[in-house]
Amino acid sequence: MPNTDTAQRTELARTGALVLSAQGGTTTVEATTEQAERLREAGYTLHKQSNVRTELARPEAEPAAVPSFPPEDSGYHTYREMVSEVDKAATDHTDVVARSSAGTSAEGRDIPAVKISDNAAKDETEPEVLFTCNQHAREHLTAEMCLHVVQRFTDDYGSDPTVTDMVDNREIWVVPMANPDGIVHDVATGQYRGWRRNRGQQPTDLNRNWGHQWGCCDGSSGDPTSPTYRGSAPFSAPETSAIRDFTNSRVIDGAQQITAHIDFHTFSELVLWPYGYTTSDSAPGMTRQEYERFARVGKEMAATNGYTPQQSSDLYVTDGSVNDWMWAEHDVLSFTFEMYPGSGGIQGFYPPDEVIERETARNDAAVDILLREAGA
Ligand code: 0X9
Ligand code: CA
Ligand code: CA
Ligand code: CA
Ligand code: ZN
């Protein structure tokens, strides 16, 4: 459909449809036949671009015995490969890596967490920074982003001065796959499913399930079949409650140790800051001055990777997102990055593995800015 403004995209989202991209005079939405009908009734001009299943079909695909990416995308890590990678980082770098867990998914999978710092096994009084990835199952490039952070701050420790400084003076937490079950499900048949939510009894959009202003503002769906279903209650999903509990556990002597956070998503090449539930800049818990800081740091990071910086509700209103909770509950300077590509339809979630190195390294300077700002 033709280009849209914030209010229109929020209206689109209210039907339970999902805005995939809004760029270059075109807005791409993911909608069921019913949602598409409602959008037409509301006066939108829709051009059917593709059917998700046909678009992602690989007739030659053979169901794999173990969930894995198609052979041509084998550069992406499966859940098991991510676990091995994290374990290997811990055994190869015992001095600066401590391997732990953020909790357990609906289907009982571990949600690994990695801490990188000098004297990693000890809790020191250094600013703590959190990177989370892959809340949305099909956004596989984001797990690669988190693994790239792990690799960079371990392999380059002692040789790269910025990396060494950050590892010595920060405590860096990385959760590469916040939604293990959804990720396994998306690649389980040898053919991508375009799956977004978690799994279990009531598949839920994890990034609508966080507890600040949950379900307040038509920025999520109450329909259990919608890709943006918010769940039956705040933190009803084990994955969001696990990362909430992990974050709460970083409150020591009444002070939250984590001061900055990026939650990586794909796609659209954006740097987004809270609040998502309102289009107002300042709101309860967000002063004008605090908003200005988000905007300043967001713009500074975006200048390094070429992404577009904006308040997240400029894209469309979302309630129950991780950034709103992190800021409102813990004063964490919390951003969403929407990675490569800049625009597209459902295929935008599945860039070839050849882009992994370029598109993860693209965020190195932005990550360094966030780490710096964590100490400000
Ligand atoms: O809708 C989302 O959850 C994110 N976009 S995605 O295409 N990856 O699903 C955007 C979330 C941004 N909103 C806030 N940070 N509040
Ligand atoms: Ca390839
Ligand atoms: Ca340390
Ligand atoms: Ca600490
Ligand atoms: Zn996402």
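Select the zinc ion (ligand 5): its protein donors are H136 (ND1), E139 (OE), E139 (OE) and H265 (ND1), lying 2.0 to 2.3 Å from it. Donors are N, O and S atoms within 2.8 Å of the metal (3.2 Å for Na, K and Ca); water is not among the atoms, so sites may look incomplete. This is a predicted model, where local features need pLDDT of at least 70, side-chain atom pairs count only at pLDDT 80 or more, and totals for chains, interfaces and linings use all residues. Residues are numbered from 1 along each chain as written, chains are lettered from A and ligands numbered from 1 in written order, and side-chain values use heavy atoms, without hydrogens and water.

Read the donors along the sequence: H-x2-E-x125-H. Next, select E139 and H265. E139 sits in the loop between β5 (128-133) and α5 (141-155), H265 in strand β9, 126 residues apart. Helices (H or I, at least four residues) and strands (E, at least two) are DSSP runs, numbered from the N terminus. E139 is buried, at 2% relative accessible area. H265 is buried too, with 2%. Buried means under 20% relative accessible area (1.4 Å probe, protein chains only).

Move to ligand 1. Of the 16 residues around it, R196, R208, Y316, N323 and E338 come nearest; a residue counts if one of its heavy atoms lies within 4 Å. Zoom in on the ligand's nitrogen atoms. One is 2.5 Å from a side-chain N or O atom of N323. T318 also has a side-chain N or O atom 2.9 Å from a ligand nitrogen. At T266, a backbone N or O atom lies 3.1 Å from a nitrogen of ligand 1.

Methods. A polar contact is a pair of N or O atoms within 3.5 Å; within protein, one must be able to donate a hydrogen and the other to accept it, and residues adjacent in sequence count only if both atoms are side-chain atoms. Buried means under 20% relative accessible area, exposed over 50%, partly exposed in between (1.4 Å probe, protein chains only).
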